[in-house]
Amino acid sequence: MDMIERELMLLIFSVLLFSCNNAKPPPEPSARTVALIERSKALKIRGKKVEQSMLRKKDSIVLLIGGSGSSSESTVDVENTIEKEIAVNTIDEGFVNIEEISGEFVLDMKYATSDNFLKEKVYSCAKCYIRKEVATALVKANNDLLAQGYRIKLFDCYRPHSVQKKMWKIFPNPGYVADPKGGSIHNKGAAVDITLVRSAGGGVDMGTDFDHFGKEAHHSYNGHSKTIRSHRKLLRGTMEKHGFKTIRTEWWHYNFKGNRGYRISDFKWNCD
Ligand SMILES: [Zn+2]
């Protein structure tokens, strides 16, 4: 190797060494870019979750009404199917007239009069129909109360879906009336609106009237007297013992625990 060759080799070697030492790593993304990438990933995951939850809900609606559960149906189709299902579901599916199984209740069916918050009569006659299982539990609760000098007065029981629509038309406020699209447990014949009366006759102070839509009607309201609170406690304790559940805002409303098995119905009772 002569001098020139050696120098040339040295030059190539030093160029290579220099370029290796100075090889720059890819530029680091800025903190803002990293944050944006992370956010976009999170949004993607969230979007996927929302989509899955919507599909699950849609499937459960279809299952509830006995459909195929195909998630390719549009929401409009599902709603139409519900409407159709309700429209044909007009027969007596295990409903009983409470008066036929017990004479120990007081009936004061508010929606068969205009003495209600709608100021309109929406039932053609005053009857209390509910599912047989619900009626059996209600009779047991009433028997417990009778032994203590009280009985149940009924304000509302099963409410046909077409009446729910009527009520929604008069008062389309979800705070007061359940949207007929989802329906109410009353439409399934598994909810009752009730109060206590003395078994020998005479009212019991529950703090507010039926369908009083204010905080005074809430179970958590503690501004009432000890007597009122004890009346509510008696009703609640007895109903819970027999399989009913409260809702937060209405002391008079009780859902039967097993209501998920029942369909929304438009069965109409006979007024003759
Ligand atoms: Zn109710």
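Me: Which residue in β4 is the bridge partner of Leu 107?
Reply: Leu 107 has Leu 154 as its bridge partner in β4. Keep in mind that this is a predicted model.

Me: How many bridges join β2 to β4, and do they run parallel or antiparallel?
Reply: β2 and β4 run parallel, joined by two bridges.

Me: And what about β4 and β5, parallel or antiparallel?
Reply: β4 and β5 pair in the antiparallel sense, over six bridges. For instance, Ile 152 has Leu 196 as its bridge partner in β5.

Me: Why is β4 said to be largely enclosed by the rest of the structure?
Reply: Strand β4 covers residues 150–156, and five of those seven residues are buried, so the strand is largely enclosed by the rest of the structure.

Me: Which residues of α5 are buried?
Reply: The buried residues of α5 are Val 134, Ala 135, Ala 137, Leu 138, Ala 141, Asn 142 and Leu 145. Seen down the axis of α5, they fall within an arc of 165°, so they line one face of the helix.

Me: Zooming out, how many helices and strands are there in the chain?
Reply: The chain has seven helices and seven strands. Along the sequence they follow the pattern α-α-α-β-α-β-β-α-β-α-β-α-β-β.

Me: How much of the chain counts as buried?
Reply: 22% of the 272 residues count as buried. As for contacts with a separation of 6 or more, 68% are between residues 24 or more positions apart.

Me: Now the backbone. What is the phi of Lys 119?
Reply: Lys 119 has a positive phi of about 60°, although it is not a glycine. Most residues other than glycine have a negative phi.

Me: Where is Lys 119, and is it buried or exposed?
Reply: Lys 119 is in the loop between β2 (106–107) and β3 (129–131). Lys 119 counts as exposed because it has 9 C-beta neighbours inside 10 Å.

Me: What about Asp 211, is its phi positive or negative?
Reply: Asp 211 has a positive phi of about 60° and is not a glycine. Asp 211 sits in the loop between β5 (191–198) and α7 (226–241).

Me: Why does Asp 211 count as partly exposed?
Reply: Asp 211 has 19 other C-beta atoms within 10 Å, and a residue needs 20 or more to be buried.

Key:
Residues are numbered from 1 along each chain as its sequence is written. This is a predicted model: local features need pLDDT of at least 70, side-chain atom pairs count only at pLDDT 80 or more; totals for chains, interfaces and linings use all residues. Helices (H or I, at least four residues) and strands (E, at least two) are DSSP runs, numbered from the N terminus. A residue is buried if 20 or more other C-beta atoms lie within 10 Å of its own, exposed if 12 or fewer, and partly exposed in between; C-beta atoms are placed from the backbone. Two strands pair if DSSP finds at least two bridges between them. Two residues are in contact if their C-beta atoms, placed from the backbone, lie within 7 Å. The arc is that of the directions from the helix axis to the C-beta atoms.
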